[in-house]
Amino acid sequence: MPDVNPAPRKRQPFGQHPEDDTGTPRYGVGASRETLADIIQSAHEFIGIAGPDWRPVFVNEAGQRMVGLHGMEDVRRTHVLDFFSEDDQPYVRDTLLPTIMREGRWAGERELCLRHFETGALIPVLWDAFRLDDPRTGEPVGAATVTRDITERKRAEEQLQAAHERIRDVLDSITDDVAAVDDAWRFTYVNDRALARFSRETDRPLSRHDVLGEVAWDVFPDLVGSPFYDGVVHARHRGRTTEFEAYFPHSRQWLAVRAYPSRTGLIIYARDITDRKAAEYEVRRRALHQAVIARIGQRALEGATVPQLMTEAVGAVARTLDVAFVLLAEQASDGHLLVRAGHGWQGPLNDGYLSPARLADTQCGVTLRTGAPVISDDTLSDTRFRAIGTLHRHHVASSATVLLPGRHQPFGVLGVWSTTHRHFQPDEVAFLEAMAQVLATAVQNARIEHHARDRRTFERQTFAHHLADEALSELTHAQSLATDLSRSQRKADAQDHRAHPEALTGSLTTLRRRIESVVHDLHAADAEDAPLHELLRRAVEAQRRLAPDMAIDLLIGEEIPSRPLGQTGRQLSWIITEAIANARRHSAADHVRTSVSVTRNHLVVEVTDNGRGFRAETAPRHSAAGLATARERAQGIGGELHLVSTPGSGTSVRIVVPLPSVPARLSSPTRVLLVDDHTMVREAVATALAKEPDLTVAGQAHSLAHARELLADTDVAVIARGLPDGYGGDLITELRAINPHAKALILTASLDRPTLAQAIESGAAGVLDKTAPLHEIISALRQLRTGQALLPAHEVIDLLRYAAHNRERAQEEGRLFEQLTAREREVLQALAEGLDSAQTAARLHISIRTERNHRTNILAKLQVHSQMQALLLALRHGTVRLGAVRPIM
């Protein structure tokens with residue numbers, strides 16, 4: 001085999017062949033030398049010939065240009081190994097050249113790189129070489145090569161490979177599960193997230209080797225016929241993008257699926273929406289709870305009796321919470337627990353009651369004792385209380401009990417029990433408490449109505465007693481006098497005739513006063529809505545007429561409001577009348593003093609007499625009953641009544657009630673504050689209000705700071721949503737702090753749902769479009785001032801829920817952005833400024849690959865699928881600002 005190492009030799013020019021001893025050339029060519037030379041020189045590939053010592057004897061012009069040689073002299077000074085890169089030279093020397101000499105050819109089994117002699121640049125080539133043999137002897141005399149430069153092809157391949165890598169990076173960075181199938185439903189691609197989900201669904205670890213090439217329905221046979229199966233098959237048959245939601249029972253997860261048909265099959269994106277579906281279910285469940293509570297409340301308003309409400313309530317609770325048993329029990333005054341309504345129980349429940357001794361350590365007893373809900377996931381084995389036999393017989397598993405509140409002591413307990421183990425959620429317990437509150441209110445109202453009926457009965461009996469004891473006795477006396485007068489007239493006794501008419505007149509006068517007293521008592525509670533001092537003056541005057549010999553004083557402090565106090569004034573008038581009447585009838589007093597004053601926003605009324613007084617245990621029956629009625633009336637207006645009586649020193653009745661707040665001054669013009677940074681808008685509204693006698697402009701402001709100086713004299717504020725120094729709704733809290741009865745109306749250029757929700761949450765009573773006609777604004781102001789709502793209650797509730805949802809979403813987004821590193825925030829800002837990867841990398845002095853990794857991490861941390869989504873989320877959160885691309889230094 002010829003030596004492949006370089007060795008000096010005498011060179012011959014191309015075309016001049018070595019000759020043997022007879023002068024005959026050792027090898028020839030099939031065509032003339034000139035024709036062959038033309039063909040070789042015109043070729044675009046590298047064509048070269050080397051002698052048996054592997055030194056080049058010829059390289060065409062294209063080959064010389066490829067490797068940076070200039071003429072044959074440069075070529076002849078080289079060795080074949082010099083043409084190859086340093087990394088390829090050992091392989092060429094030890095394997096490639098010997099193979100050519102041994103087997104006659106080497107046809108590009110391995111990609112090689114030539115070396116540019118001037119620049120050192122590597123040139124990827126396909127190197128095809130063959131051995132040259134002597135046609136007479138068959139001995140090798142050299143080798144030839146045809147080499148093709150594949151730089152462009154390599155560049156294209158690298159670009160294609162880079163594109164594939166970018167696609168893989170994008171697919172792997174997508175937070176969705178991504179999978180692709182061909183026309184035969186064989187998997188052709190799955191990303192890491194999809195592979196992880198496949199493993200969870202099959203309960204075994206899967207690799208791409210286990211999945212790729214397999215038919216999807218062989219991997220997941222349980223999905224055949226499922227909503228997911230129907231959805232992707234439908235997308236495939238339609239040939240159009242299809243979006244749907246599917247539930248996967250095995251993993252108990254919901255997925256939002258998008259199926260994109262392609263030329264080769266189907267690409268499927270799936271995103272976990274389990275949390276969203278759970279939130280939607282939670283909203284629906286809470287809405288159901290509210291609807292059930294509202295229905296029971298409506299039934300109470302419609303006049304349903306308490307037993308009817310209780311029966312309906314336990315049935316509604318059982319259906320709503322999906323429980324087997326419900327109990328509603330009342331705690332009697334002796335401590336027994338009496339069953340008032342139940343659902344699902346078989347047979348009597350402990351004969352309808354629990355004694356105090358048996359009740360103490362039960363779940364209901366713990367609820368009554370602590371006043372707090374008691375929730376148990378395993379009722380029969382819970383060590384906090386004792387499970388009674390009935391619960392064992394009904395095989396209960398979990399339970400929850402809540403208190404039915406009462407005015408002075410708890411009314412009872414509302415409880416639920418299930419036959420399967422579960423944990424009652426906070427919203428379910430809240431539902432039970434709300435139902436208990438509705439029932440407790442209904443019970444309390446029924447009791448109040450019962451007491452009111454008893455009170456009216458007692459008052460009628462008292463009035464009848466007064467008529468019988470006083471007025472009727474006077475009437476009997478008058479009748480006796482009239483009879484005597486008649487007899488005297490028949491006897492013509494002139495002296496008796498003069499005496500009896502005077503006595504008869506006095507008796508009839510006294511009778512008239514007694515009847516007036518009773519009539520006044522009957523109408524005292526229905527007095528007209530006059531100022532308090534006027535009501536008290538009338539009451540005292542009526543008592544003075546009934547007792548002309550008694551001194552009845554009335555002292556009214558200057559601080560007493562001159563306005564009507566409504567129900568408070570009427571009830572106080574009745575109580576004072578009753579107190580003076582009791583003193584007049586039963587105390588033997590000759591002086592009664594009534595004083596009214598104001599102390600710490602409370603009205604203080606005292607009725608004091610100088611009568612004989614009494615001990616509590618010896619109080620007259622009618623006085624004690626009248627005192628109980630008066631105390632109930634005082635409690636009905638939020639007050640308290642105290643009585644102090646000392647035998648021989650008289651009696652004092654003291655009533656303390658809260659001073660009612662000042663109502664809206666509808667008799668005077670409503671003071672309107674206009675807050676808007678557009679002068680034309682303010683002036684237009686002010687001009688319209690100037691024409692309305694019941695509306696007046698209290699002030700105008702162009703900013704929050706200016707408006708804060710004008711809040712004190714405001715009944716209704718009309719506020720622009722956007723002001724130069726902040727959000728207009730922020731003014732409402734300050735306005736309500738100064739004037740709790742003030743209202744606010746927001747004007748905005750947008751009435752979308754987020755805007756409405758933000759305004760209502762900030763305390764606005766209504767929202768109007770800035771372009772609304774002036775008459776609509778005026779109408780809204782009048783509605784607000786008279787206490788009418790501009791929005792239905794259900795819409796306000798929906799908006800408040802929406803605002804709460806937005807606030808929770810903003811908090812969640814804030815937590816996502818907290819995960820970003822400082823460098824990732826810089827990359828996100830560069831994206832907002834329109835910089836591409838190369839520009840961003842240059843600005844931050846990092847590699848492009850590192851920059852791309854940052855972008856991938858940003859998408860994953862923000863849980864979005866594209867850079868555009870990340871940018872929009874960052875803009876909404878205020879993490880980045882938009883700007884133009886800045887020059888790279």
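Over how many bridges do β9 and strand β10 pair in the antiparallel sense? The two strands, β10 being residues 253–261, are joined over seven bridges. The model is predicted, with local features needing pLDDT of at least 70 and side-chain atom pairs counting only at pLDDT 80 or more, while totals for chains, interfaces and linings use all residues. Residues are numbered from 1 along each chain as its sequence is written, and side-chain values use heavy atoms, with hydrogens and water left out.

**View 1. An open sheet of five antiparallel strands.** The strand order is β8-β7-β11-β10-β9. β8 (187–190) and β9 (242–248) each have a single partner strand, so one side of each edge strand lacks a neighbour in the sheet. Neighbouring strands are turned by 25° against each other on average, direction ignored. Strands are DSSP runs of E of at least two residues, and helices runs of H or I of at least four, numbered from the N terminus; pairing requires at least two DSSP bridges between two strands.

**View 2. Helix α9 on the sheet.** Y247 has W254 of β10 as its bridge partner. Helix α9 (residues 227–238) touches β7 (177–182), β9, β10 and β11 (265–272), contact meaning heavy atoms within 4.5 Å. The direction of α9 makes about 160° with that of β9; axes are lines fitted to C-alpha atoms, for helices over the stretch in contact, and angles run from 0 to 180 degrees between N-to-C directions.

**View 3. The two faces of helix α29 (residues 867–877).** A870, L871, L873 and A874 are buried (under 20% relative accessible area, 1.4 Å probe, protein chains only). These residues lie on the same side of α29 because they cover an arc of only 165° around the axis, taken from the directions from the helix axis to the C-beta atoms. The face turned away from the buried side carries M868, L872 and R876, which are exposed (over 50%). G878, with a positive phi near 80°, follows α29.
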